[in-house]
Amino acid sequence: MKIFTAQQIREADAYTIRQTPISSLDLMEKAAIACTAWICRHYSEYTPVYVYCGLGNNGGDGLAITRLLRNRGYDAHAYVLHHSSKASADHTANRNALQQQYPSAIHDIPENGLLPQPDAQALIVDAILGTGLSRPVEGWTAAVIGQLNDLKAAHEVVAIDIPSGLQADASSLNTTVIRADHTLSFEFYKLAFLLPENATFVGDICILPIDLSPDYIAQTPSRFHITDALQIKNIYRPRKPFSHKGTFGHALLIAGSEGKMGAAVLSAKACLRTGVGLLSCHIPGCGYDIIQISSPGAMCFIDEQKDHSSSFHTHIPNAEAAAKYKTIGIGPGLGTAAGTCWAFEKLLEHFHQPMVIDADALNILGSSPAMLDKIPPGSLLTPHPKEFERLFGKTANDVERLELLSANAVKRKLNILLKGRYTAMAFPDGSIWFNTTGNPGMATGGSGDVLTGILTSLLAQGYTPREAMLMGVWLHGLSGDHAAAERSEEAMIAEDIVEFLGKSFLELRRRLSC
Ligand SMILES: NC(=O)C1=CN([C@@H]2O[C@H](COP(=O)(O)OP(=O)(O)OC[C@H]3O[C@@H](n4cnc5c(N)ncnc54)[C@H](O)[C@@H]3O)[C@@H](O)[C@H]2O)[C@@H](O)CC1
Ligand SMILES: Nc1ncnc2c1ncn2[C@@H]1O[C@H](COP(=O)(O)OP(=O)(O)O)[C@@H](O)[C@H]1O
Ligand SMILES: [K+]
């Protein structure tokens, strides 16, 4: 699914109005009908509704919603904030429609005027500013938003299209923005919804279709995207009846150190459960029994060191030996001992196929930036925000961090993800994809190790690095969602993500057969 900029959304709007029999007022009515239906599903008709409207089309949506809620028996009132001297045409048309049907529902608040004190249990609807925001709010508008935010403890807030004050495509850090519990947005996610720094503004997101032109959507390029089930279904390749273990690749996993063998176990199990043909694990001496007992499907090389690994480079002494492994996954629980760093550097001398680099392997790269240049092009790097910062440095805000992520993916021809609620995946072509599966139950030690195993497995099976990243991150989150549904977000642990991989694959197959 494409993520469009505010400018592109305006163009989509204009294109739809030009190319189809739908007028801009019809489009607004559609948007208002969808929002009203959502509100009616979530709040009883005894809920008083205070709709705060600006003078643009976002306010026009608010006026139409007020009318439609009244039609459904709600005690809804529109408070029109005169933050400028000019109202948009569709705002005025909807004001007139409301005025005609329910004149007592309109309340004008002049600039610097006072807001009403909402009744207990009232729902606040924010239709002050939408994607037409041209600068951070200030003055009276900012004061109004501040007052509404002060009411949050006692009232739920539903934002229409985008929380007022939030910039769709730029950072809104240190600006005044409505803190919504729910955001009802039209047709597309906005980039701002996916940034961790905006989590307190956006709340739950509901995307409501309003039938914008599919032609415009198809023909308009976009740099930002959201992965969806259909796309993953197209990537997924079911196993063929005559396939054998050689068909699905041999992966080498280099992981674990004393006290962190669990990370190696989680990665190995995830790699096996994702369908790799053969898995060899290189682990320190202390981990032998642990891996052999926990993952009998994996073969095992023991390092000469007991508590960390320092000789894994010996598996790839030359280019011919590298061909034995389709890919290597390195990092979970590995530690950053001097011998480990040295062996990693030696490994990169002869292994030039895309590999998966996570956790301590990323920390090693962070402390020896020259090694970054030796990472095979096409490799998958999987930092969480702290590892990202160690690798590429700090940024002032989340938008700048995305740019830094993308710049490194392009410059180094790497596939780099940045973990989070909406994991961002940056590709060498400059595009950035966000993943929407997953839940806070996955915020538990070992979840990332599971992801490394999944990605390593998919690369070994011959998925392209891009396919492996898109599909692996989606499967990881979906399995986390199955685990949470069965065991709760609190009780689920990283092993559960591995256990539910099977259910996710079955779901993919089901989608294929529909
Ligand atoms: N295709 C779509 O997505 C559709 C959009 N609609 C609505 O239309 C909205 C966009 O409408 P508009 O373009 O009229 O924009 P807005 O409703 O966001 O308002 C723009 C107005 O606010 C003023 N303004 C901008 N920044 C300000 C600031 N910082 N402080 C105070 N005033 C400021 C502008 O001067 C202008 O008068 C969307 O967010 C959505 O709610 C819907 O009506 C239907 C279809
Ligand atoms: N709130 C959340 N919503 C969705 N996914 C999450 C959430 N919290 C964590 N995750 C996912 O869980 C994984 C955690 O990885 P990481 O921090 O590397 O864990 P660890 O180092 O303990 O293995 C990431 O893939 C991340 O996207
Ligand atoms: K709004």
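Visitor: What makes strands β5 and β6 a pair?

Guide: Strand β5 (residues 123–127) and β6 share three bridges in the parallel sense. Pairing needs at least two bridges, so they qualify. One spot to look at is Ile-124, whose bridge partner in β6 is Val-157. Keep in mind that this is a predicted model.

Visitor: And what makes β6 and β7 a pair?

Guide: Three bridges again, with β6 and strand β7 (residues 182–186) in the parallel sense. The cut-off is at least two bridges, so this counts as pairing too. Here Ile-160 stands opposite Leu-184 in β7.

Visitor: Which way do the residues of β6 point, and are they buried or exposed?

Guide: In β6 (residues 157–160), Val-157 and Ala-159 point one way, while Val-158 and Ile-160 point the other way. All of them are buried.

Visitor: Why is the unit made by β5, helix α5 and β6 given a hand?

Guide: Follow the path from β5 over α5 (residues 139–150) to β6: this β-α-β unit is right-handed. Look with the strands pointing away from you, and a right-handed path runs clockwise.

Visitor: What makes Ile-364 buried?

Guide: Ile-364 has 23 C-beta neighbours inside 10 Å. Ile-364 touches Thr-336, Cys-341 and Phe-344, leaving aside residues up to four places away in sequence.

Visitor: Why is helix α13 called largely enclosed?

Guide: Ile-364 is found in α13, and eight of the nine residues of that helix (residues 359–367) are buried, so the rest of the structure largely encloses it. Among the buried ones are Ala-359, Asp-360 and Leu-362.

Visitor: Why do β1 and β12 stand at the edges?

Guide: The open sheet has 11 strands with mixed pairing, in the order β1-β9-β18-β17-β16-β15-β14-β13-β10-β11-β12. β1 (2–3) and β12 (299–302) each have a single partner strand, so one side of each has no neighbour in the sheet.

Visitor: What makes β10 and β13 a pair?

Guide: Four bridges join β10 (residues 250–254) to β13 (residues 327–330), and the two run parallel. At least two bridges are required, so that is pairing. Leu-253 has Gly-329 as its bridge partner in β13.

Visitor: Which residues come nearest to ligand 2?

Guide: Of the 17 residues around ligand 2, the nearest are Gly-438, Met-442, Ala-443, Ser-447 and Gly-448. Helix α17 (residues 447–460) gives the largest share of that shell, four residues. By class, the shell has four nonpolar, 10 polar and three charged residues.

Visitor: How many residues surround ligand 1?

Guide: 32, and the closest are Gly-56, Asn-57, Asn-58, Gly-130 and Gly-132. α3 gives the most to this shell, with five residues.

Visitor: What separates domain 1 from domain 2, and how many residues are in contact?

Guide: The chain is divided into domain 1 (2–222) and domain 2 (229–513). Their centres, taken over C-alpha atoms, are separated by 41 Å. Seven residues of domain 1 are in contact with seven residues of domain 2. On the domain 1 side of that contact, five residues are nonpolar, one is polar and one is charged.

Methods
Residues numbered from 1 in each chain as written. Chains lettered and ligands numbered in written order. Predicted model: local features only at pLDDT ≥ 70, side-chain atom pairs only at ≥ 80, totals over all residues. Buried ≥ 20, exposed ≤ 12 C-beta atoms within 10 Å, placed from the backbone. Near = placed C-beta within 6 Å. Nonpolar A, V, L, I, M, F, W, Y, C, P; charged D, E, K, R; others polar. Domains from an automatic or database assignment. Contact = placed C-beta atoms within 7 Å.
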